[in-house]
Every structure is written in structure tokens, then in C-alpha cells.
Amino acid sequence: MSHHLWHRPRTADPEGTGHGTHKVSFSDSSKSSKRDSSRPSTNNSRPSSPRLLSPRGDKDRERPRSTQRWSDNRVWQRVNRQSEALWQESPSLLSPNSPQPRPFLIYHDSFLNLLGPSPTLSLLITDPRAPYFHEAGVFHLQSNTLFITSNQIPDTSPDAVTTQNKTIVITKIEFFSPTDFTRDKVRCPERNYMANGGTNYRDGLILCAQGSLREPSGLIYMEAKRPHKTTTLLNNYHGRPFNSPNDVVVHSDGSIWFTDPIYGYEQGFRPKPQLPQHVYRFDPATGDIRVVADGFGRPNGICFAPNEETCYITDTDLIHGDGTKVHSRPATIYAYSIYWTNDQPYLTNKRLFAYADTGAPDGIKCDVYGNVYAGCGDGINVWNSGGMLVGKILIEGGCANFCFGRNGEMWCFGEHKLWRVKMADETQGALLGV
């Protein structure tokens, strides 16, 4: 039997001041359970255990508490003074400073239920030829297929002159089991220049086409089945060209929301910007296109809470398109309330939801319990809906983006590497809810 050890962040705080520094290390493992992490008590008494909300945010109904039991060979430590005594008194416990694999970091007990009793992080593909695993991350449920866009790849063909001799390709992976799959590389279809973020839409997917020096940027619909025909949904804001759309999400009312930073211009394959760096809402049914948020350094990832009462948008101004980093710039997730008037939604009550401690939060998703996941410089960071960091999935080299699959499965994109995470079966992405 393998011997798995869980380790909690340890605080070096002998005086009990509450200002110790965390030293964290965690082990690897794959299976399931559930739990949310909601708001702590506001009175002066000890906070009660986190209340478990239903997957769709039904605040009037508590989910049953987990009956999961941890076997004796899985030991984890709490962040308190009692755990300090355990480290000193129990020779059977492994010190957090001991060398070991540590992909799962627990900052709050609720993350244990999201992971399940035996989570795993496994490397599916390594491809040193090019950074094929970068953005989008769209899991097409009907065909059990994952679509991923690459980072920029050198291209000497005549067609690549307007993109500064760069191209982006789409990787298509059809799964028959978690480890049995076929991989196919699909050149970006016509009109889909420099594809980046994506999301599920109807029977296919929407991709953000960043455009080129000649071709406009915008939103492209691509069929999931061969030959992957494409249709342009939108390529201008009342006649003015977009910058380089980056990420996109679809609301249940059918509207399409997307971010539009200037990374394409900074990287030399888009003209000088003619619009600020906005977040837009497009309604295909009416043709209405309008700005819903501004004031960003570099708007990037976007997603909705499961109940669609909150919109999360990441600002990756820390990293500019030329590769420069200034750590005084935002690496931030903002939360907005969605308010309806005259049958139209708009964003209000902007607040800072979280700041990434390593790198910048790029892709962002919610699970069915309302927890917020973001791809950061050290892997996947997870916050509860109150903005408290509950855990991390450490991935070598970081993770710009990721995608939920079925039953607690997640694929994480590490440029040259594709990773698979298995958590609790009930930890499902809010987008598909499977």
C-alpha cells in the first residue's frame, strides 16, 4: 500500500501573535468528495463550520455534510499552535521541510472536500517542439473532445507576414478514457486569425480571434466536427476595430461577454489601438454590442458565478505583451455584481476579489459551488466565493489556463505540457455542470 501524507501550511509563530509565515508542502494523489466554503460568522464567537451551498447557489438549502473519513495513513496538519506541538512531539509525522512531491496545498479545510480523498496530478503530454498548450480550453461534451489554442509559433509561410511571422494552431484531443486519446493539430481555420480564448457555444465553440495587421479581430464560431467550418459573429464595435479579444464567456440569456486587451499591438501583429481596453457584451439575437466594464490595465479572463449574480474579470497588467513585468501593476481578480434594469444587465459594485501572490491570474473558472479557480504563475489557485484562498494545485512552470471536464476532472495547460488533475467527482465546472 502506498503511503500518502497530507501536510498543512505551518506557521512559525511561537508567541501566538498570528503573524507567522507559512511553509507549505503537499503530496500527490485521485478521486472524490465535495464541499463549499462560504462566509465566516460575523459575530465575535468562533466561526462555525462552512455552510455548504447547493451547486446552483440555493442559499436556503444546506447540502449534507460529507461523511468522508480519512484513513490513518493520510495525515495533515492544521494551522494553529497545537499543530506546532505535534511537529515536535510526534516522530511519526513527516516535517513540512522534508523533500517530497507537493502539488496540493491546503489553506482551508474546505479544499480537502473539493479534492476528495485521493486527488492526482498527472502529466499527459510533453511536446518540446512548440507551446501547443496555452489558452482556450474548451471541452466539447458531446464528442468528449478538448480544444486548446497554442501560444505563438514561428511561421515562415507567406500568409504569416501580417502576423509578424507567427501563427497559432488549435490542438484537438478526443478522449476514450483518461489516458487513451487521439491528438490532432488543426491549423486555425479561415477568418480565425491568432485564436486565443474560447468557450462552449451551441453545438461548437466560440474562439477569440486576435486578428492580424490586415485581418480584423473579433469572435468566431467554429463547428466542433470536421471540417470545422467557421463563421464570424462580430468583428467591430460600431465600425471601430477591436484590439485583440482575449477571453470569452456565454451568459444563459445567450449574450456573449469578452475582454479586449492590447496584447496583439504590443506583440506586433495588430495595428495601433482605436479603442480602450474594455469588456463587452454582445447579443447575437439583437446585434447589440456595448461596453460593460473599463478601467483595466490588461483585462484578461472572464467568468460568471453559478447563479450568474457575479461576474469575475482578471487584470493581468503585471505582464505586458512585450514580456516586461512590473510588480506594482495589477495581478488581480475583480468581482462585479450583475444588476438588471429595463431587461438589460450591467455591471456594478466593482470590488477587488483576490490578488495573485505568484504571477498573474489569467484564465478563470467557477465550480458548481461558487469557488473561483484561476491559472497563475505557480499553478491553479482556488478561492471561495468570499475571496479567501482555500488551496492551490502547484504545477511546474505555472498554468495560464485550464478547463473542467467530467466528474472532477481538469486539464491544465503548461505551454509544452498538458496536465490532468482529478479531484472529487462532485467538484464540477459551473459552465457544464458535469
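This briefing walks through the cysteines, aromatic rings and charged side chains of one protein structure. The model is a predicted one, where local features need pLDDT of at least 70, side-chain atom pairs count only at pLDDT 80 or more, and totals for chains, interfaces and linings use all residues. Residues are numbered from 1 along each chain as its sequence is written, and side-chain values use heavy atoms, with hydrogens and water left out.

**Cysteines**

- Searching the whole structure turns up zero disulfides (a disulfide is a pair of cysteine sulfur atoms within 2.5 Å).
- Cys311 is in no disulfide, and its nearest cysteine sulfur, that of Cys303, lies 7.1 Å away.
- Cys366 is in no disulfide either, with the sulfur of Cys303 as the nearest one at 3.9 Å.
- Cys311 is buried, at a relative accessible area of 0% (buried means under 20% relative accessible area, exposed over 50%, and partly exposed in between, using a 1.4 Å probe and protein chains only).
- Cys366 also counts as buried, at 5% relative accessibility.

**Aromatic rings**

- A pair of aromatic rings is described by the distance of the centres and the angle of the planes.
- There are 15 aromatic pairs in the structure (rings of Phe, Tyr and Trp, the last by its six-membered ring, pair if their centres lie within 6.5 Å; planes under 30 degrees apart count as stacked, over 60 as edge-to-face and the rest as tilted).
- Phe242 and Tyr280 have ring centres 5.1 Å apart and planes at 75°, so this pair is edge-to-face.
- That pair links distant parts of the chain, 38 residues apart: Phe242 is in the loop between strand E14 (230–234) and strand E15 (248–250), and Tyr280 is in strand E17 (residues 279–283). Here, helices (H or I, at least four residues) and strands (E, at least two) are DSSP runs, numbered from the N terminus.
- Phe242 is buried at 2% relative accessibility, and Tyr280 is buried at 0%.
- Tyr339 and Tyr346 form an edge-to-face pair, because their centres are 5.4 Å apart and their planes stand at 70°.
- Tyr339 is partly exposed at 44%, and Tyr346 is partly exposed at 35%.

**Phe139 and its surroundings**

- Phe139 is found in strand E5 (residues 135–140) and is buried, with a relative accessible area of 2%.
- Phe139 and Phe404 are 265 residues apart in sequence, but their C-alpha atoms are 7.4 Å apart in space.
- Leaving aside neighbours within four places in sequence, the residues in contact with Phe139 include Asn200, Phe404, Trp411 and Leu432 (contact means heavy atoms within 4.5 Å).

**Charged side chains**

- A search of the whole structure finds 13 salt bridges (a side-chain nitrogen of Lys or Arg within 4 Å of a carboxyl oxygen of Asp or Glu).
- Arg281 and Asp253 meet in one of these, at 3.0 Å from N to O.
- Arg281 is buried at 2% relative accessibility, whereas Asp253 is partly exposed at 34%.
- Glu396 and Lys417 form a salt bridge at 3.6 Å, N to O.
- Glu396 is exposed at 59%, whereas Lys417 is partly exposed at 23%.
- Asp127, Arg129 and Arg183 are linked in a network of salt bridges.
- The charged end of Lys350 sits over the ring of Tyr334, 4.3 Å from its centre (NZ of Lys or CZ of Arg must be within 6 Å of the ring centre and within 35 degrees of the ring normal).
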